[in-house]
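This report describes a chain-to-chain contact, a pair of packed helices and the strand pairing of one structure. The sequence and model are shown first.

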2 protein chains.
Amino acid sequence: MLIVQKYGGTSVANIERIKAVAERVARTKKEGNDVVVVVSAMAGETDKLIGLASQVSSNPDEREMDLLLSSGERVSSALTALAIGELGLKAMSFTGRQVGIITDAAHTKARIERITADRVKRAIAEGIIPVIAGFQGITETADVTTLGRGGSDLSAVAIAAALKADLCEIYTDVDGVYTTDPNIVPDARKLDKISYEEMLEFASLGAKVLQTRSVEFAKKFEVSVVVRSSFNYNPGTLVVKEDEDMEKVVVSGVAYDKNQTKLTVMGVPDKPGIAARLFNAIANANVVVDMIVQNVSSDGKSTDISFTVPKTNSKKAMKITEEVADELGAKGVDLREDIAKVSIIGVGMRTHSGVAAKMFENLARHGINIIMISTSEIKVSCVIDAKYTELAVRVLHDAFELAEM
Amino acid sequence: MLIVQKYGGTSVANIERIKAVAERVARTKKEGNDVVVVVSAMAGETDKLIGLASQVSSNPDEREMDLLLSSGERVSSALTALAIGELGLKAMSFTGRQVGIITDAAHTKARIERITADRVKRAIAEGIIPVIAGFQGITETADVTTLGRGGSDLSAVAIAAALKADLCEIYTDVDGVYTTDPNIVPDARKLDKISYEEMLEFASLGAKVLQTRSVEFAKKFEVSVVVRSSFNYNPGTLVVKEDEDMEKVVVSGVAYDKNQTKLTVMGVPDKPGIAARLFNAIANANVVVDMIVQNVSSDGKSTDISFTVPKTNSKKAMKITEEVADELGAKGVDLREDIAKVSIIGVGMRTHSGVAAKMFENLARHGINIIMISTSEIKVSCVIDAKYTELAVRVLHDAFELAEM
């Protein structure tokens, strides 16, 4: 088999961890596989570099940030290659450029356009283990780019797709994907298998285990992904194409996200083009809007528009929204920061009815008021008061019988 | 004027220092100059990375070391570019590759083959201040290389030559080149001007102020170099082509080097090819031999060969020398580590006689025994017992009247 193994920041956090990674790579190689390694920066390094940049610049240029941040993965790839070499195997580091990960020029969140990987293929053919610096690419004009937070996951999946690897293993500090956060629900159960679609919802709803774009990429190219821990040899969670088995389970897990802020534009005169005007302005400022709810108010002449944005963008979004609200003749803008989003996810929802109702009913029974609702084919999300987050997660995990058997 | 400013590790050691560098660059720019900045890694970073590598590998692969070490300058170049940008000027970081510093593939001590610098030239023309990561280059096959210890000096001088800059300023933590180490001789005097040849001797005789290869390069391309401090606005020392003025001064300075070890092969049967056999073997192990002295012994049938090597290489050199000595039928090998080399330097020696004699006489008067002597056109070096180093430096500084007037 050709296996791509991606090791996250905690997996290469220090020399001991890097040596453990080398041992695991060596073991996989000795079992008769070809191995390609992708590494993140050592845990804490990226934040340290961001901290340095924020000390010299109030609004750091993104091209410079990319050069700065890409250095962390270069360090860990060289150290990991050295550690594997020390075990008597042939290993060689590769930068984003040396792999040929060509991206667009959207610095700090570049998109991969193509991967040549000729040199990596040649290395594999020669029995060498390539150790690739994750998170980074290069533009056509040789500028260094990075792929956004968690971008090493994307590097790994994209490389696995380019190499037509049999498996892409994502090593992290948890055993896999759980029905919910075990810190909140102690008997949360590890899932053996999950569909790309469910994983996408988990990722975008706040579960940190896999970066959203990497799951999209895996789905598109049907890369089999395993999420597992580099701290033990437990089997992990397999992320694959949906199969019949999966549909039998109505709800696979409960996710939550405390990093959202809710904005409401009140009393907007109800005429066409209002939402477009508002959300275009917000999109132009590179703020990602998550949930949107619009209700015509009782008098039928004006409307309230509520939406959520990441907490880090709340000030920026507030400023833009106030400007647009003014222009549209709205009554005012309300900002609410003490909210959380709780979601249930499962491909089984497609074929089972009453799932959303069951969710609302269980929240209501525990006195949890629902502020906003948003649904998709395979998930239901509710915005609630942040203080009820843990309670809501436990109630739903219980209601849908997700606990360890 | 087009000025290349190189800032060493202590000059970019932390955020405050980086901001001070940005201020100085801005000042130079505002005085009407075009500025190109070259930076080293933040002080301590390179050693930290070497430490990490030595923990994962007993004998780290040099290609991996180069990728590892080159990351330090990438970080400081991005941070410095951000700091300059924060002052309202346009700045842009450049990696070795983006500058087009093409080197051979001798990892960890690569030699520059050519510099394209097209993108840097374009940036200057657009009023942008390029901030270049020093110490690094790239091979024709896109592998990252480094230029050896102090290699950022070489980067700066080579870039100054490629851009036909008017001046190359090397910023460090000392005010310039002194007649000798002010820690040993408090009234050592800062030199206003020094010739390339003298600077070369100073550099190779142990003064840390400029890397030897960078001086060779400056001499070859007649790049005017200024060594000065980034901690004040004192004028520094100008390193230029020898002029008539310089010849009037017999001795410009006294240098010393405690990092040498002396090896002696005793009783080698005197026949042709012996020295070649020995020093070829040592050169093949990449050990640089400094001084060599050979004397036919009293019986005229055998010879003693003494030479010095850097202390870090003494074990390696000893092993090789013992093997060769055995082969040649020598009586034995003697290693002496407690030695130092003290040298006087000056282009005036060419036209003044009796300089060496004056040196020997003064050392003798203070009971300092001379173990080895080596001379060149513009310097005389004596190997002495290490414990007399400071005394010898003071005696010679005095004898040649080098003190502050």
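Two strands are taken to pair if DSSP finds at least two bridges between them. The model discussed here is predicted.

**Strand pairing around E9(A)**

Strand E1 (residues 2-7) of chain A pairs with E9(A) in the parallel sense, over five bridges. Within E9(A), Ile170 of chain A stands opposite A:Lys6. E9(A) is also joined by five bridges to strand E11 (residues 225-229) of chain A, and these two strands run parallel. Here A:Thr172 has A:Ser229 in E11(A) opposite. Strand E9 (residues 167-172) of chain A is mostly covered, with five of its six residues buried.

**The antiparallel sheet**

In chain A, an open sheet is formed by four strands in the order E13-E18-E20-E19, with antiparallel pairing. Its edge strands, each pairing on one side only, are strand E13 (253-257) and strand E19 (370-376) of chain A. From one strand to the next, the twist averages 20 degrees. Five bridges link E13(A) and strand E18 (residues 339-345) of chain A in the antiparallel sense, and A:Val254 stands opposite A:Ile344 in E18(A).

| Helix of chain A | Strands of chain A | Angle |
|---|---|---|
| H12 (residues 355-365) | touches E18, E19 and E20 (379-385) | about 20 degrees with E20(A) |
| H13 (residues 389-399) | lies across E13, E18 and E20 | about 15 degrees to E18(A) |

**Packing of H1(A) and H3(A)**

Two packed helices are described by the angle between their axes and the distance between the axes. For H1(A) and H3(A), the axes come within 9 Å and cross at roughly 55 degrees; the two helices are therefore oblique to each other. Their crossing is right-handed. On the H1(A) side, the contact is made by A:Ile18, A:Lys19, A:Val21, A:Ala22, A:Val25 and A:Ala26, which meet A:Leu79, A:Thr80, A:Ala83, A:Ile84 and A:Glu86 in H3(A). By class, the residues of this contact are eight nonpolar, one polar and two charged.

**Contact between chains A and B**

Chain A and chain B contribute 30 residues each to their contact. On the side of chain A that touches chain B, at least two residues are supplied by each of helix H1 (15-30), helix H2 (45-56), helix H3 (62-86) and helix H4 (96-99) of chain A. H3(A) gives the largest share of that side, 13 residues. The residues of the side of chain A that touches chain B comprise 16 nonpolar, eight polar and six charged.

Key: Residues numbered from 1 in each chain as written. Chains lettered and ligands numbered in written order. Predicted model: local features only at pLDDT ≥ 70, side-chain atom pairs only at ≥ 80, totals over all residues. Contact = placed C-beta atoms within 7 Å. Nonpolar A, V, L, I, M, F, W, Y, C, P; charged D, E, K, R; others polar. Axes fitted to C-alpha atoms, helices over the stretch in contact; angles between N-to-C directions. Parallel < 35°, antiparallel > 145°, perpendicular 65-115°, else oblique. Left-handed = near helix turned anticlockwise from the far one by under 90°. Buried ≥ 20, exposed ≤ 12 C-beta atoms within 10 Å, placed from the backbone.
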